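Please keep the sequence and the model in view while reading.

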Amino acid sequence: MMVSLKQVSKAYHPNSLVLRNVNLELKKGEFLFVIGDSGAGKTSLLKLMTGEEFASSGSVSCDNVVFAQGSGKMLKIRRRIGVVHQDYRLLKDRSVYENVAIPLFFGRAGVGVAPVNFMGRGAQRLVEDAVTAVGLSPKVLDAEVRELSGGEQQRVAIARAIINSPDLLIADEPTGSLDHDHTWTVMDLFQKLNIKGMSMIVATHDRDIIRKVRKRTLHLSAGAVRVDDREGACIF
Ligand SMILES: Nc1ncnc2c1ncn2[C@@H]1O[C@H](COP(=O)(O)OP(=O)(O)OP(=O)(O)O)[C@@H](O)[C@H]1O
Ligand SMILES: [Mg+2]
């Protein structure tokens, strides 16, 4: 999916910009890391691209559809974007199965993938594949999310985000609660999905990941783009 930000600024309160004049053109199939100190604006930037927040000035578009409040076209595009929130946003009193299967309920609007029966055989297979891909045992499917550790919950959120094979995955610190091995299970999975054509935007604090996975890296500082490093060379 193509993503385009033109002169984007964001203020949650008048006179206090958290993003300043951000320009970004992402081609279909590209992989982008977003880095920067805590408070630099990474989550705010990602929320503009998921349509959860809107730019205060400038424009955000995906596949040439401009994101604006109430846009029907935008809602269709959003169904082709998988999102891993920094705070997971799982339904804690529901089972892992129900959480991961939720996107199947909606299908992928506009790309010919019909919603599948939530509890049917086809869905069960997809749910099992998604949890296995993030290194969880299918045994956890019946557990309530609240019974899982933080790292396990984070991986449930990742499984939910990829189950519909989105065209774009936007992941906000998706390995923030994971140990070394699970971090690499997830990063290897992201690279595999990217090779298959899924565009990726990943915010991270993890310098080890940036050093090892050489991809385009957008470095934010106080809401502005400090470096847009297309080679993904080591910038630390
Ligand atoms: N909903 C909101 N209302 C008001 N201010 C907000 C809101 N969300 C974020 N901010 C402010 O915007 C700035 C950037 O926050 P943001 O969450 O985008 O940073 P971040 O780079 O993701 O940080 P972290 O690494 O800690 O996740 C911060 O100063 C924060 O206080
Ligand atoms: Mg953040």
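Helices (H or I, at least four residues) and strands (E, at least two) are DSSP runs, numbered from the N terminus. The model is predicted: local features need pLDDT of at least 70, side-chain atom pairs count only at pLDDT 80 or more, and totals for chains, interfaces and linings use all residues. Residues are numbered from 1 along each chain as its sequence is written, while chains are lettered from A and ligands numbered from 1 in the order written.

**Ligand shell.** A residue is near a molecule if its C-beta atom, placed from the backbone, lies within 6 Å of it. Around ligand 1 sit Tyr 12, Val 18, Gly 36, Ser 38, Gly 39, Ala 40, Gly 41, Lys 42, Thr 43, Ser 44 and Gln 86. Helix α1 (residues 42-50) gives the most, 3 residues. Classes follow below; Gly counts as polar.

| Class in the shell of ligand 1 | Count |
|---|---|
| Nonpolar | 3 residues |
| Polar | 7 residues |
| Charged | 1 residue |

**Core.** A nonpolar core joins buried Ala, Val, Leu, Ile, Met, Phe, Trp, Tyr and Cys residues through C-beta atoms within 7 Å. The largest has 65 residues, and Val 34, Val 100, Ala 159 and Ile 170 have the most contacts inside it. Helix α5 (residues 150-162) supplies the largest share, 6 residues.

**Pro 103.** Helix α3 (residues 96-106) contains Pro 103. Is Pro 103 buried or exposed? Pro 103 is buried, because 22 other C-beta atoms lie within 10 Å; the cut-off for buried is 20 or more. Contact means C-beta atoms, placed from the backbone, within 7 Å. Leaving aside neighbours within four places in sequence, Pro 103 contacts Arg 160, Ile 163 and Asn 164.

How values were computed. Buried ≥ 20, exposed ≤ 12 C-beta atoms within 10 Å, placed from the backbone. Contact = placed C-beta atoms within 7 Å.
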